[in-house]
Amino acid sequence: MKSNNNPSAEQKVDINHGFAVAANYGQQTIIYQNEQSDIVWAEKQNFDKYKYPEFPNLLEKDKLIQIIKNERLLMIGGSHEDQLDITEYIAMVLVENINQTKSPQNSNTESPQNSNLYVWELTCDEKTRISNVEILKKKHKKDNEYNNAIFILCNLEPIHVNKDLQKIQNAAKNSDNYVIVSTNIPYDKWSLGQEIKKLFWEVPHENLYNPQELAEALIKGIDKNKLLDKDLESHIRQRVSEQLELKTFTSIGRCVNSLNSEKEPINKERIDKAIQDSKNSKTSLEKWYHYQLDAREQLLAIGISFFDGLFEDQFFAALEKLVSEVWQQRDPSLQALDYCDFTNLGNHHSFTDEAKDPFDLNKFKFVKQEPYATDIEIYNSKIKRSNERPTLFSVAWKSHRRQIITALPVIVKLVQDSVGTKYDNWELYGNSNRRKRLRETITETLSDLGSVSTSSTSAVQGALIQLSADEHNEVQNVAATAIARWYRYDVNNKEKSKLLREKFLGTLQCFYSIAIRKAQPDEDKKARDCVGATVALAVRYAAKTDYNYSPQLSEELCAWLKELAENKQPIVRNCFRDNTLIYVVQLYLRQLYDNGILKHMIQQHADLNMDIALSLAIAVGTDSSTVKEILDSCYKECTQEWSINRRITTQYHTLLRTVALTYGYIDYNKTSTPFRFNQAFRRLHRILVEEKEPFVCDFVVIAICLLATNNLPQMEEELETLVSEFSEDKHNEIIKTLTKIYRDKAKLPESESQDAFPLELLKKLFQVVALVYEAVQQDEEKGTLTVQNAFLRLFDILVEKEERFISNSQISLKNDNISISETVTIAIRILASKHFEQLQLGTLPPKLTDNKYRDILKKILTDIYLDQRANQAGGDEEIEIKGCHYRVWTRSTRPATPMEELVYSWIRSENTTYHEIAIQASVYFVDALKD
């Protein structure tokens, strides 16, 4: 039965990069939130396991329910194996508690009929940070959409919320919702205040459940066909409730699975053995793997662990590929796999949690898109306990090492083939959601397998180096994330954490040595550089782990930052600059500034200035006081140098232009920031007046343009002041600076030019140039530019041969070729849209009528005409042509646009040049409005 509470398209839960699988508990909607796509609704989930006697009552249940009802937030932490089950159990109890208070006599209250339960499963991807908690706000107050909703944040880490749970609690209180947080990070690592501390409950390892209820849960879980008599039930109660042999719900589950898999009748000896084995998860798994599975099933168990988490058909497709290409050589019976082959593996694995595989539709030209059911309903292949996968790898490695190793090339190929659209294997690669899920699954597989032992690490490194050398970022990311997962903390096993971190650091050294060594004559240099880029990515992901457990970046990772900053290989440089640096600086701004690393990179590596500036601007959202302190300190240091007449670029110049760019990038519209755009503008203004070094001025101009773009029309007066103070040469300098930026970037090879400077941003800068000229008063005595002069100067740029800028090179950014002609045309159109009369086109300067530039002029005239035509009001109807809307007059004559009137005057002119241009322009106008 489907839920009746499925939201409309307008009501979807809004989470960054999130998808949810929804189900019902009674009348409650339950949504499992992950990072992969939008909300997907699924069939009813079985939450009966959290009811007594299937699940024992928590002894501190009432206390926890009282906390969350009063405070709207509850944190459940620790390292207990039942933690996630307890989290969902508390949510279920809270749902029932809320609904029990809604008696018939209270039906007229404002409370909704049901309390909805939303579960977010967060992953290690930093993009899933819940910095925006708008989901907890009442989006549709009249429908009480999120009123009395219960949100579960599973496996939450400090980095997901920028170590600030207060915002989530406040949002929950303001919207009458509840939030239950599950976290493996110790409380002292969260850096939370005393107010939150009272909401943190660490799951105790003793006195968690009533022992009698644990015994009843075990008895209830045993299959009825096992025919337990009263004597055996009494024996179980004695061992569990009196002797306290099993103390967790998870261990009860292991014991149930063991007894249910027994092929012989159950007796006391088998019960005792099952209880003993169930105390330890690895012992229980070893017994199951070696003594209850045959050779064929053991390989299938390994295959299940390889592809845990895939859609069911995707799982079969991947496993069949592995079997047919490798494992059938050892066991010919492994063919034509079906669901029945996994029956004996049910204790470890199941096809559960029905989800939808969303299919993204593109826009059609004629067909109206209706809300038809295009999503595919499908089950997931899932290991019942996520922590069992690395344990099974550890068990299987001892006996099936060669089978695992020979499977790795197939797994590598699956990842490599997951890039781009594939239609020849729909089950594996049918859409972006499937391809992403495949890569994420294999990432965890390789990482877990590599953590088993030294020998397994060596085997996995061979697979990871192949993935690292791939030219596709998605493939490199699999290797980087798998490596970075070894850099982790285990507060309960510090020795294991140390060994894993050594694996991480050793792998980085091994891979980076390959990346920086002198290339051999027959070696693929690009592949070598890609390995270095993967190292940079792995450092970025590892930095997140430090953030969760410590306020400081480790010395090892600080050293890697400095090491990577010295690398000039284009692919490595771009990855370090655009991914690692821009991310790590935000997290560890104070530390990197205090220890001198940040300042060293600014002053010694000028090409990093833009990225560091952007990082500082982003960090304003989380640590504005530190950013302000850094900018003030650097600015003060730099201004002391203005009295020195320097002829060469110095370290202080790089510092100054980073400061300037940061002021340009900051979002001044956020009320929480201490920065104000007018103060930043005045500081940039002073730099531009005082500083003589073009190396700095070029970037100050960019910063001013950025500032103006994002804060017009508030800055019109400041812009007017700026322009009026400058000579005509300074105005030309603005245009030349922007043109020079384009030229410089155009000369870079394609691999290095991509993302080096966003060409879409360049478009915006030229728009700002036009807006600057727009603010200029027509005062010839002051020598300021008129609108007509601005138009002519932009036209000068437009008619320059583009080949002089980009000789023998092509600029490509995300498959979008952008020419300087297009860019400057935008600026001209902005001027013409508001100041057409001031352009004084009635008498054209000779350069505009030159035959060489006729096509450019007609294009400009046509663009101005289309803008004016689109802005005409009135008429009887509206038509759409090439994505633009125009009014039409069917019962009267349409009034002429100013451009049309100008062209008509040229047609009547005795000047043959004007007459020819007018006729040709009229043809252009007509053609432009043809669909």
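Is Glu325 buried or partly exposed? Glu325 is partly exposed, with a relative accessible area of 41%. The model is predicted.

**The Lys321 pair.** Glu325 forms a salt bridge with Lys321. Their closest N and O atoms are 3.0 Å apart. Both residues sit in helix 11 (residues 312-325). They are four residues apart, about one turn of the helix. Lys321 is partly exposed too, at 24% relative accessible area.

**Salt bridges.** The count comes to 34 salt bridges. Three of them are set out here.

| Pair | N to O distance |
|---|---|
| Glu60 and Lys63 | 3.2 Å |
| Lys321 and Glu325 | 3.0 Å |
| Asp611 and Arg577 | 3.5 Å |

Glu60 counts as partly exposed, at 24% relative accessibility.

**The Asp611 pair.** Asp611 forms a salt bridge with Arg577. This pair links distant parts of the chain, 34 residues apart. Asp611 lies in helix 24 (residues 609-639), and Arg577 lies in helix 21 (residues 570-587). Both Asp611 and Arg577 are buried. They belong to a network of salt bridges that also links Arg573, Asp578 and Asp607.

**A nonpolar patch.** Ile919, Val923 and Tyr924 make a nonpolar surface patch of about 240 Å². Val923 lies in helix 37 (residues 912-928).

Definitions and conventions. Residues are numbered from 1 along each chain as its sequence is written. This is a predicted model: local features need pLDDT of at least 70, side-chain atom pairs count only at pLDDT 80 or more; totals for chains, interfaces and linings use all residues. Side-chain values use heavy atoms; hydrogens and water are left out. Patches are made of residues with over 30% relative accessible area and no salt bridge: like charges are joined within 9 Å, nonpolar side chains (Val, Leu, Ile, Met, Phe, Trp, Tyr) within 5 Å. Accessible areas come from the Shrake-Rupley method with a 1.4 Å probe; for residues, only the protein chains shown count as cover. A salt bridge is a side-chain nitrogen of Lys or Arg within 4 Å of a carboxyl oxygen of Asp or Glu. Helices (H or I, at least four residues) and strands (E, at least two) are DSSP runs, numbered from the N terminus. Buried means under 20% relative accessible area, exposed over 50%, partly exposed in between (1.4 Å probe, protein chains only).
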